[in-house]
Amino acid sequence: MIPYARQTLEEDDIQAVVNVLRSDLVTQGPKVEEFERALAKRAGTKHAVAFSHGTAALMGSFFAMGIKPGDEFITTPLTFCATSNAGLWFGAKPVFVDIEEDTGTIDPSAVEAAITSKTKAIVAVDYGGHPADLTRLREIAKKHNLVLIDDAMHALGATLDGKPVGSLADMTTFSFHPVKPICAGEGGAVTTDNDEYARRLRAFRLHGIVKEDFVNPSPGAWYYEMQELGLNAKLTDIQSALGLSQLGKLDRFLEARERLAMRYHGALAGLPVHLPVTRPGVRHGLHLFAVRLTGEWASKRDELFTKLREAGIGVQVHYIPVHHHPYYQKLGYMKGECPKAEAFFASEISLPLFPSLSDADQDKVINEFTKLFS
Ligand SMILES: *Cc1c(COP(=O)(O)O)cnc(C)c1O
């Protein structure tokens, strides 16, 4: 089966991990900070704070902004459930609004229309690697005094008007799961320019423990204080070494994705599908090659999906709208609330795209996909 996504690990990545395994510190050694500095540099921010998972990075962001039970945040249903789950853990209520049909990212006008006195944050998602309209979302957040969080798990390396994703929101979250732009095994990070958010993010991943700014007088160098309720959500040195090695390859990975995406565009242009768009001023992260069936084909998605899987093409669907999941239905969310996201989901298939996808395998995908319509 040709997977829809997979890691691209090379000999020097493996060596970087082995070097840490042979060193004195395998968890909280120097590699975490080195990785954080490299990420902050890439994102163009003052801080990067590494986490055990992208999900923990999202939870850290909600914690850092101080969201509480009864607060609301506005987000998109066209995402992995982790985006809104992270806020639910703090007792806050996700309000789902619809997407823009071309990019699959949250519609800023819908965001503005959904703001109430309870709204505290906007959580955008850079669907498939295309930055959300973060320029307008930032203006809206500023006007209404809201925190803007960008779930950029798909979009490390993407840019908007020449500025890197990571620097375009109050806090931006990344994932280093093997299917994502770079792999650390598991892992995540938040980038931010805000010193106070960075301090709170660091405390959150360490049980809420701080090693300065104490409430009580410090009796000695051994002293620490738990001031709030956090988690153990640290990234290890083993993972950081892998992440750091992979980050050095990000541009090469992006270029490989761009070349393969162009081949898809050339080969699939005549078919009854919408291909991924890139708006002016955007460098697309191309995490997904998300195609949408058009016309009568849209209702045949599951049938075509099964045929592709049977032909050895590991297609995937991104995403079941979050409010359709049984857990969210029990909370009272209704199907039909976000018709554009729901139509997007119903007609979507993600074709294989990853840096080490060979031309021969891609040709097989193109061939099998094209055959569906003959
Ligand atoms: C992968 C992903 C997450 C979760 O990241 P993990 O590192 O797997 O915890 C959250 N949001 C989106 C959009 C994702 O794709």
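Colleague: From which element does the largest share of the lining of the second largest pocket come?

Modeller: This is a predicted model, in which local features need pLDDT of at least 70 and side-chain atom pairs pLDDT 80 or more, while totals for chains, interfaces and linings use all residues. Residues are numbered from 1 along each chain, and side-chain values use heavy atoms, without hydrogens or water. Helix 3 (54-65) and helix 4 (82-88) each give at least two residues to this lining (helices are DSSP runs of H or I, at least four residues, numbered from the N terminus). The largest share, 3 residues, comes from helix 3.

Colleague: What is the volume of the second largest pocket?

Modeller: A pocket is an open set of points on a 1 Å grid over the protein atoms alone, with protein on both sides within 12 Å along at least five of seven lines; lining residues have an atom within 4 Å of a point, and a cavity is a set where a 1.4 Å probe fits but cannot get out. Points are joined across faces, edges and corners, and the volume is the space filled by probe spheres set on them. For this pocket, lined by 23 residues with Phe-80, Ala-82, Ser-175, Lys-180 and Tyr-319 nearest its centre, the volume is about 380 Å³.

Colleague: Which domains each give at least three residues to the lining of the second largest pocket?

Modeller: The bounds used here come from an automatic or database domain assignment. At least three lining residues are drawn from each of domain 1 (2-247) and domain 2 (250-371).

Colleague: How many charged residues line the largest pocket?

Modeller: The largest pocket holds about 500 Å³ of space. Its lining has 17 residues, with Arg-202, Ala-203, Arg-205, Leu-206 and Lys-211 nearest the centre. Asp, Glu, Lys and Arg count as charged, Ala, Val, Leu, Ile, Met, Phe, Trp, Tyr, Cys and Pro as nonpolar, and the others, including Gly, as polar. Beside 6 nonpolar and 2 polar residues, the number of charged ones is 9.

Colleague: Between which domains does the largest cavity lie?

Modeller: This cavity has a volume of about 110 Å³. Among its 13 lining residues, Asp-102, Thr-103, Tyr-127, Pro-276 and Ala-290 lie nearest the centre. Because both domains give residues to the lining, the cavity lies between domain 1 and domain 2.

Colleague: How much space lies in the second largest cavity?

Modeller: Its lining includes Arg-6, Lys-180, Cys-183, Phe-253 and Pro-355. Domain 1 and domain 2 both contribute to that lining, so this cavity also lies between them. The space inside is about 30 Å³.
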